[in-house]
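Me: Hey, I've just opened this one and I'm new to it. Can you walk me through it?

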Amino acid sequence: MLASVVEWLASKLNSAAGSATIPSVVKSLSLVLRETGCRRLFLQHEGLHKIAIHMRAKTVSSSTTPSPFDVAAVVGVSGGNSKLDIQLLYECGLCVWLLSFENPQAFVDAPQVLSSLVQVICNVGKEKVVRVCVLALCNIAKDTAAELVGLGLPKGLENLKLQVCLFTL
């Protein structure tokens, strides 16, 4: 039964990024992926790639076509309903974090997921979103350290550290 649910949720992630059903689908996934068997099934259905798509390019102007690695394309950076965007980013990050327990090696074959996580960490100021993305990267860092350095994670973390220092003054 859960296999059917996971398959259905994975298929619904193929919807356009602006689809009204995406927040509900991602919320449901964040609950279902707490089960180990569901994580395996979701990975088999290319779920990691599908989640990454919804971490990027949700609120970009229709006049531009962003690249998959466009920093301005990160949800919440370029406008829109920011509360919904932040919650969606958090739940996408939560799904990635849950998946990172199952098979960290899968992230080596999914550079767009790593790129999305790094973009979110570097560009989204909401602490809960940054925290869940950093936790996901901690689980997969031993297998993807070189890729993370290449994507600019050290600079993003340095900027976060500076922000924390400024807030404590």
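Reply: Let's start with a term: a salt bridge here is a side-chain nitrogen of Lys or Arg within 4 Å of a carboxyl oxygen of Asp or Glu. This is a predicted model, where local features need pLDDT of at least 70, side-chain atom pairs count only at pLDDT 80 or more, and totals for chains, interfaces and linings use all residues. Residues are numbered from 1 along each chain as its sequence is written, and side-chain values use heavy atoms, with hydrogens and water left out.

Me: OK, how many salt bridges are there by that rule?

Reply: The count is four. One of them joins arginine 39 to glutamate 102, with the closest N and O atoms 3.7 Å apart. That pair links distant parts of the chain, since arginine 39 is in helix α3 and glutamate 102 is in helix α5, 63 residues apart. Helices are DSSP runs (H or I, at least four residues), numbered from the N terminus.

Me: What else does glutamate 102 form a salt bridge with?

Reply: Arginine 40, and there the closest N and O atoms are 2.9 Å apart. This pair also links distant parts of the chain, helix α3 and helix α5, 62 residues apart.

Me: Is arginine 39 buried or exposed?

Reply: Arginine 39 has 9% relative accessibility, so it counts as buried. Buried means under 20% relative accessible area, exposed over 50%, and partly exposed in between (1.4 Å probe, protein chains only). Arginine 40 has a relative accessible area of 46%, so it is partly exposed.

Me: And which residue does glutamate 127 pair with?

Reply: Arginine 131, in a salt bridge whose closest N and O atoms are 3.4 Å apart. They sit about one helical turn from each other because they are four residues apart in helix α7. Glutamate 127 counts as exposed at 55% relative accessibility, while arginine 131 is partly exposed at 45%.

Me: Switching topic: how many residues are in the largest nonpolar core?

Reply: It has 43 residues, and those with the most contacts inside it are Leu29, Phe42, Ile51, Met55 and Leu117. A nonpolar core is a set of buried Ala, Val, Leu, Ile, Met, Phe, Trp, Tyr and Cys residues joined through side-chain atoms within 4.5 Å. Helix α5 gives the most to this core, with nine residues.

Me: What does leucine 117 touch?

Reply: Met55, Val96, Cys133, Ala136, Leu137 and Ile140, leaving aside residues up to four places away in sequence. Contact means heavy atoms within 4.5 Å.

Me: Which residues of α4 are buried?

Reply: Gly47, Leu48, Lys50, Ile51, Ala52, His54 and Met55. That is seven of the nine residues of α4, so this helix is largely enclosed by the rest of the structure.

Me: How many aromatic pairs does a search of the whole structure find?

Reply: One. The rings of tryptophan 97 and phenylalanine 101 have centres 5.0 Å apart and planes at 80°, so they are edge-to-face. For the rule, rings of Phe, Tyr and Trp (its six-membered ring) pair if their centres lie within 6.5 Å, and planes under 30 degrees apart count as stacked, over 60 as edge-to-face and the rest as tilted. Both residues lie in helix α5, four residues apart.

Me: Last one: where is glutamate 46?

Reply: Glutamate 46 is in the loop between α3 and α4. Its phi is near 60°, a positive value in a residue other than glycine.

Methods. Helix = DSSP H or I, 4+ residues; strand = E, 2+ residues; numbered from the N terminus.
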